[in-house]
Structure formats: structure tokens, C-alpha cells
Amino acid sequence: MPGPFTVQTERLRLDALDRDALQAWVDGDADALFECTSTRFSDPPDPPPLFAEDLPMFRDRMAETPGELGWWVWLIARREDDRAVGVCGLGGRPDDEGAVVLGYSVYPDMEGRGYATEAARAVVSWALEAPGVSVVRATVPTGNPASLGVARKLGMSHVGSETHPEVGEVAVYEMTRQS
């Protein structure tokens, strides 16, 4: 039975990851990660693209503030076989303007199947229903057409661009809470 930090879509199950699950992932321990998540990973359980370098930060954040479960990393798994698809998440609780930042990454062999869009839609919905959130924002590298497509398929509005110190130019997309 799904709990408050599990969301199910037609094809996917998303689980907010706590410190123990994130620690198992940092350690590369597929068995411990399965125990924490009931999700099948490769062995070792490599993170999806662009996620590995932030994994220790997410673990530390959940260790410091376990009450922020749901505001960081959601593991994406296929419901049909409990196989890991990737991650989707937020950049923490809403800021003073009520904005949260959305991110998503799927394993290369899972790309092109609509999983990122389906998972991101579920996380955006979860966030926009949370108190204090008025807008979900995605900053997407302009050289990543698949991720740009996800933002558009979600119905996010392109509101501008900015320069990110690590990835260069990013397009900024937003979706606001409907009254």
C-alpha cells in the first residue's frame, strides 16, 4: 500500500528516498538499496546521468533534516517489474516566493519511453498540492532537447533563460498553481 511518500502513476512508482536509501546508493550497495526501496538496480547500482555528484549532498541533507522527505529525491521504478528507471526531484522546500526547482534524470536505456514526463508530472502535482508552493520551476540546459521536451510536455511555460555556472545556458520553465 503506497504511503504519503510514494506516488503511483499508470506505469511508475515514485518513492521519496530517505537517508538510509541514499546512503546505500552512495555506498553502491544494491542489496541494501533493494531492502530500502524494493526496487531492482544493476549491481553496482550506478546513479542515472547527472545525479552521481549530488548524491552525497542529498544523503547529507536527509540526515540533517529528515522532515524534508519528499522535497529532494524521488526514485522512479517501473511498476511492472520494479526496475529502477531514474530519479525525479525537487531542490528543497519552497523559497520565499513559493518556488521549488524540479529536476529529472533517467537511465539512457530507459530514455524515449515517456518515463521522465510521467514521473515529473507526478512530482509537479505533489509539489503544487503542498502548502507554500505557488510555482514549480525547471532550468534545462538548452543543449538537451529531450529534457526541454519534458518541460514542454508537462505544460510548463518558457519564461526566459539564464547562465548556469556548470552547464552554460539554461532555459527556464515554470508551472504555477491553479487557483
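This is a tour of one predicted model, stop by stop. Residues are numbered from 1 along each chain as its sequence is written, and side-chain values use heavy atoms, with hydrogens and water left out. Because the model is predicted, local features need pLDDT of at least 70 and side-chain atom pairs count only at pLDDT 80 or more, while totals for chains, interfaces and linings use all residues.

**Stop 1: strand β3**

Select residues 73–78, which make up strand β3. Helices (H or I, at least four residues) and strands (E, at least two) are DSSP runs, numbered from the N terminus. In β3, 6 of the 6 residues are buried, so the strand is largely enclosed by the rest of the structure. Buried means under 20% relative accessible area, exposed over 50%, and partly exposed in between (1.4 Å probe, protein chains only). In a regular strand the side chains alternate between the two faces of the sheet. Val73, Leu75 and Ala77 lie on one side of β3, with Trp74, Ile76 and Arg78 on the other.

Two strands pair if DSSP finds at least two bridges between them. Strand β2 (residues 12–16) is antiparallel to β3, with 5 bridges; Arg13 has Ala77 as its bridge partner in β3. Strand β4 (residues 84–90) also runs antiparallel to β3, again joined by 5 bridges, and Trp74 stands opposite Cys88 there. β3 and β4 form a hairpin with 5 residues between them, and Asp82 in the turn has a positive phi of about 60°.

**Stop 2: salt bridges**

A salt bridge is a side-chain nitrogen of Lys or Arg within 4 Å of a carboxyl oxygen of Asp or Glu. Between Arg13 and Asp15 the N to O distance is 2.6 Å, and both residues are buried. By this rule the count comes to 9 salt bridges.

Another one joins Glu68 to Arg61, with the closest N and O atoms 2.9 Å apart. Glu68 is buried, at 10% relative accessible area, whereas Arg61 is partly exposed, at 29%.

**Stop 3: helix α3**

Select residues 55–64, helix α3, where Leu55, Phe58, Arg59 and Met62 are buried. Seen down the axis, these buried residues fall within an arc of 100° (taken from the directions from the helix axis to the C-beta atoms), so they line one face of α3. They pack against α1 (19–27) and β3.

**Stop 4: aromatic rings**

Rings of Phe, Tyr and Trp (its six-membered ring) pair if their centres lie within 6.5 Å; planes under 30 degrees apart count as stacked, over 60 as edge-to-face and the rest as tilted. The structure holds 7 aromatic pairs. Select Trp71 and Trp126: their ring centres are 5.0 Å apart and the planes are at 65°, so the pair is edge-to-face. Trp71 is in the loop between α3 and β3 and Trp126 in helix α4, 55 residues apart.

Next, select Trp74 with Trp126, an edge-to-face pair at 5.3 Å centre to centre and 65° between the planes. Trp74 lies in β3 and Trp126 in α4, so this pair ties together parts that are 52 residues apart in sequence. Finally, show Trp25, Phe41, Phe51, Phe58 and Trp72, which form one aromatic cluster.

**Stop 5: the core**

The largest nonpolar core has 56 residues, and Leu14, Trp25, Leu102, Tyr104, Val136 and Met156 touch the most other members. Such a core is a set of buried Ala, Val, Leu, Ile, Met, Phe, Trp, Tyr and Cys residues joined through side-chain atoms within 4.5 Å.

Note on methods:
Contact means heavy atoms within 4.5 Å.
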